[in-house]
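Please look over the sequence and model shown here.

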Amino acid sequence: MGARQALDPVSIEDDIERTFRQLADQKGLSLSVLRAPGLPRAMTTDSTRLMQILKNLVANAFKFTDDGQVELSMRTVARGWSEDHESL
């Protein structure tokens, strides 16, 4: 596992927007990054790996979407996680 560091949802939103906005415009697609109310200000994670995974998922969504929108939604986990067991 890589180095764990704090990563905030606003940074994730900004990075995804910056990375994919031009592609969305070129394809005539809408890009939405949604942050649910109540998200923590930051999470401790391997931010490099998480961003790599998110960017791969969003890139694939653009690859296979011809019209409409691509949406990334962030929300807290409802189950399957606890402070005693930090990984999902």
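## Basis

This is a predicted model, in which local features need pLDDT of at least 70, side-chain atom pairs count only at pLDDT 80 or more, and totals for chains, interfaces and linings use all residues. Residues are numbered from 1 along each chain as its sequence is written, and side-chain values use heavy atoms, with hydrogens and water left out.

## Nonpolar core

The largest nonpolar core holds 15 residues. Such a core is a set of buried Ala, Val, Leu, Ile, Met, Phe, Trp, Tyr and Cys residues joined through side-chain atoms within 4.5 Å. Buried means under 20% relative accessible area, exposed over 50%, and partly exposed in between (1.4 Å probe, protein chains only). Ile12, Ile16 and Phe62 touch the most other members. Helix 1 (9-27), strand 2 (30-35), helix 2 (47-63) and strand 4 (69-74) each supply at least two residues of this core. Helices (H or I, at least four residues) and strands (E, at least two) are DSSP runs, numbered from the N terminus.

Take Ile12. Beyond its neighbours within four places in sequence, Ile12 is in contact with Leu7, Met43, Leu50, Met51, Leu54, Leu72 and Met74. Contact means heavy atoms within 4.5 Å.

## Helix 2

Helix 2 has 17 residues and spans 24 Å from first C-alpha to last, close to the expected 24 Å at 1.5 Å a residue. That expected span is 1.5 Å times one less than the number of residues. Ser47, Met51, Leu54, Val58 and Phe62 are buried in helix 2. They cover an arc of only 80 degrees around the axis, so they sit on the same side of helix 2. The arc is that of the directions from the helix axis to the C-beta atoms.

Their cover includes strand 1 (5-7), helix 1, strand 2, strand 3 (43-45) and strand 4. The face turned away from the buried side carries exposed Leu57 and Lys63.

## Salt bridges

The whole structure has 5 salt bridges. Each is a side-chain nitrogen of Lys or Arg within 4 Å of a carboxyl oxygen of Asp or Glu. Glu13 and Arg35 pair at 2.5 Å, N to O. Glu13 lies in helix 1 and Arg35 in strand 2, so the pair ties together parts 22 residues apart in sequence. Glu13 is buried, at 17% relative accessible area; Arg35 is partly exposed, at 42%.

Within helix 1, Asp15 and Arg18 are 3 residues apart, about one turn. Their salt bridge is 3.7 Å, N to O. Asp15, Arg18 and Lys55 are linked in a network of salt bridges.
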